[in-house]
Amino acid sequence: MKNNNLWFLALSFICVSLNAQEDQLQKAEKLYASADFEGVIALLARVEDKSVNHYFLEGKAYYELKDFSKSIELFVRCVDLDPKNAENHYWLGASNIEALQ
């Protein structure tokens with residue numbers, strides 16, 4: 001019975017943590033939509049366990065701020081985490097092209 005309680009507590013903690021991360025991502029998406037790119041970066045900097053979606057949105061924010069070296073770093077991470085996602089490759093390519101100009 002004791003082990004069941006521990007598993008339940010661990011699972012509850014994981015669910016709460018995942019929900020908090022998704023809430024932060026949704027808030028960051030709203031900030032991005034309102035062109036508050038610095039706000040996106042500040043909000044996502046506080047997220048500990050980031051998903052590819054966090055890195056992707058953060059990379060787009062840096063791209064909009066014309067910090068192409070940082071956006072490249074983040075889109076490389078996105079490609080590493082999800083190599084079959086065409087958007088990751090597109091934004092990485094766009095960042096590289098802008099960095100060369």
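User: At what angle do the axes of helix H3 (residues 52-64) and helix H5 (residues 86-100) cross, and within what distance do they come?

Analyst: The two axes cross at roughly 25° and come within 11 Å. Here axes are lines fitted to C-alpha atoms, for helices over the stretch in contact, with angles from 0 to 180 degrees between N-to-C directions. This is a predicted model, in which local features need pLDDT of at least 70 and side-chain atom pairs count only at pLDDT 80 or more, while totals for chains, interfaces and linings use all residues. Residues are numbered from 1 along each chain as its sequence is written, and side-chain values use heavy atoms, with hydrogens and water left out.

User: Why are H3 and H5 called roughly parallel to each other?

Analyst: Angles under 35 degrees count as roughly parallel, over 145 as roughly antiparallel, 65 to 115 as roughly perpendicular and the rest as oblique. The crossing angle of H3 and H5 is roughly 25°, and the pair is therefore roughly parallel. The crossing of H3 and H5 is left-handed, a term used if the near helix is turned anticlockwise from the far one by less than a right angle (right-handed if clockwise).

User: Which residues make the contact between H3 and H5?

Analyst: On H3 these are Val52, Phe56, Lys60, Tyr63 and Glu64, and on H5 they are Glu87, Asn88, Trp91, Ala94, Ser95 and Glu98. Contact means heavy atoms within 4.5 Å. By class, five of the residues are nonpolar, two polar and four charged. Ala, Val, Leu, Ile, Met, Phe, Trp, Tyr, Cys and Pro count as nonpolar, Asp, Glu, Lys and Arg as charged, and the others, Gly among them, as polar.

User: What makes H4 and H5 roughly antiparallel?

Analyst: The axes of helix H4 (residues 68-81) and H5 cross at roughly 155° and come within 9 Å. H4 and H5 are therefore roughly antiparallel to each other, and their crossing is left-handed. Phe68, Ser71, Ile72, Phe75, Val76, Cys78 and Val79 of H4 make the contact with Asn88, His89, Trp91, Leu92, Ser95, Asn96, Glu98 and Ala99 of H5. Nine of these residues are nonpolar, five polar and one charged.

User: How do you know that H3 and H4 are roughly antiparallel?

Analyst: H3 and H4 pack at about 155°, and their axes are 8 Å apart. The two helices are therefore roughly antiparallel. Again the crossing is left-handed, for H3 passing H4. Residues of H3 that meet H4 include Tyr55, Gly59 and Tyr62, and those of H4 include Lys70, Leu74 and Leu81. By class, this contact has 10 nonpolar, two polar and four charged residues.

User: Why is His54 called buried?

Analyst: Buried means under 20% relative accessible area, exposed over 50%, and partly exposed in between (1.4 Å probe, protein chains only). His54 is found in helix H3, and its relative accessible area is 0%, so His54 is buried.

User: What joins the side chains of His54 and Ser51?

Analyst: A polar contact of 2.9 Å joins them. The term covers a pair of N or O atoms within 3.5 Å; within protein, one must be able to donate a hydrogen and the other to accept it, and residues adjacent in sequence count only if both atoms are side-chain atoms.

User: What makes Gln24 a buried residue?

Analyst: Gln24 lies in helix H1 (residues 2-33). Its relative accessible area is 18%, so Gln24 counts as buried. Leaving aside neighbours within four places in sequence, Gln24 is in contact with Leu43 and Val47. Gln24 and His54 are 30 residues apart in sequence and 9.1 Å apart in space, C-alpha to C-alpha.

User: Is Ala35 buried, exposed or partly exposed, and how do you know?

Analyst: Ala35 has a relative accessible area of 48% and is therefore partly exposed. Ala35 lies in the loop between H1 and helix H2 (37-45). Its phi is positive, about 65°, although Ala35 is not a glycine. Most residues other than glycine have a negative phi.

User: Why does Lys66 count as exposed?

Analyst: The relative accessibility of Lys66 is 61%, so Lys66 counts as exposed. Lys66 is found in the loop between H3 and H4. Lys66 is not a glycine, yet has a positive phi of about 65°.

User: What pattern does the protein follow along the sequence?

Analyst: The pattern is α-α-α-α-α, with five helices and zero strands. Helices (H or I, at least four residues) and strands (E, at least two) are DSSP runs, numbered from the N terminus. Of the 101 residues, 34% count as buried. Among contacts with a separation of 6 or more, residues 24 or more positions apart account for 44%.
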